[in-house]
Amino acid sequence: MRRKLVVGNWKMHGSRPANAELLAAILGARPFQGDVAVCVPFPYLAETAATLAGSDVRWGGQDCSAHDQGAYTGEVSAGMLAECGCRYVIVGHSERRAYHAETDALVAAKAQAALAKGVTPIVCVGETLAQREAGETEAVVKRQLSAVIHQLAHCAGEMVVAYEPVWAIGTGRTATPEQAQHVHAVLRAQLHAATGHGDKMRILYGGSVKADNAATLFAQPDIDGGLIGGAALKAADFIAICRAAR
Ligand code: PGA
């Protein structure tokens, strides 16, 4: 039985007072039946860690460098995230792929760098609307995932995968539970073929998950929780989504 996982992706949102209020609300709403985490902007990691330490709510980053250290101005290494107590790091989010030209190979290298420091990569895959309409969804997500599986080799079983159709992110347009389930089943079969224990790995759905659609999505057999953007910034909504993960 896979434990559900709900991860808030704050993106480039937040402020110290707003974060304090949001985290206090999340802590106050425990216990949750599944696992819960927040991936916050780097400057807020230390404060988030201090607030959540000792609770079962985890925290993480939204990206990491593929390098260990060096002259890479502006980058943050997986080792630094580990030092900040991060349990997770999102890699290959479609916004990084689109705005920072991240390739499958770079995403795979970042996932490897994270695992090497004991931080679980949440590897995002997903097709654009044009790719979906061209019937390329399966080929695209399989290609994105296979780059990471290939790089991680025997460690591939330790990652979390997030299926986030690009056309559903921040648009209010959610994949139907059937559309999402179909892709999740494809990804699980691929993970299983590669690792032998795809049945134990968590595959999250992301893209306009809200309080009112979370339960139906999470009820699908291969959807193990969600990666939540906009709705993760509103305490009541995020808490409702966390409660839907059972
Ligand atoms: P959204 O974002 O929930 O606002 O659609 C999800 C994500 O980008 O991870």
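Q: Is Arg-188 buried or exposed, judged by its relative accessible area?
A: In this predicted model, residues under 20% relative accessible area count as buried. Arg-188 has a relative accessible area of 7%, so Arg-188 falls below that cut-off and is buried.

Q: Which residue meets the side chain of Arg-188 in a salt bridge?
A: The N to O distance of this salt bridge is 2.5 Å. Arg-188 lies in helix H8 and its partner in the loop between H9 and E8, so the pair ties together parts that are 34 residues apart in sequence.

Q: Which residues are linked with Arg-188 and Asp-222 in a network of salt bridges?
A: A salt bridge of 2.8 Å, N to O, joins the side chains of Asp-224 and Arg-2. Asp-224 lies in the loop between helix H9 (214-218) and strand E8 (225-228) and Arg-2 in the segment before strand E1 (5-9), so this pair ties together parts that are 222 residues apart in sequence. The residues linked with Arg-188 and Asp-222 are Arg-2 and Asp-224.

Q: How much of the accessible area of the ligand does the protein cover?
A: Oxygen atoms of the ligand lie 2.7 Å from a backbone N or O atom of Ser-208 and 2.8 Å from a polar backbone atom of Gly-230. On its own, the ligand has 290 Å² of accessible area. The protein covers 97%.

Q: How many residues of the shell around the ligand are charged?
A: The ligand is surrounded by 13 residues. Four of the shell residues are nonpolar and seven are polar. The charged residues number two.

Methods: Residues are numbered from 1 along each chain as its sequence is written. This is a predicted model: local features need pLDDT of at least 70, side-chain atom pairs count only at pLDDT 80 or more; totals for chains, interfaces and linings use all residues. Side-chain values use heavy atoms; hydrogens and water are left out. A residue is near a molecule or strand if one of its heavy atoms lies within 4 Å of it. A polar contact is a pair of N or O atoms within 3.5 Å; within protein, one must be able to donate a hydrogen and the other to accept it, and residues adjacent in sequence count only if both atoms are side-chain atoms. Accessible areas come from the Shrake-Rupley method with a 1.4 Å probe; for residues, only the protein chains shown count as cover. Ala, Val, Leu, Ile, Met, Phe, Trp, Tyr, Cys and Pro count as nonpolar, Asp, Glu, Lys and Arg as charged, and the others, Gly among them, as polar. A salt bridge is a side-chain nitrogen of Lys or Arg within 4 Å of a carboxyl oxygen of Asp or Glu. Helices (H or I, at least four residues) and strands (E, at least two) are DSSP runs, numbered from the N terminus. Buried means under 20% relative accessible area, exposed over 50%, partly exposed in between (1.4 Å probe, protein chains only).
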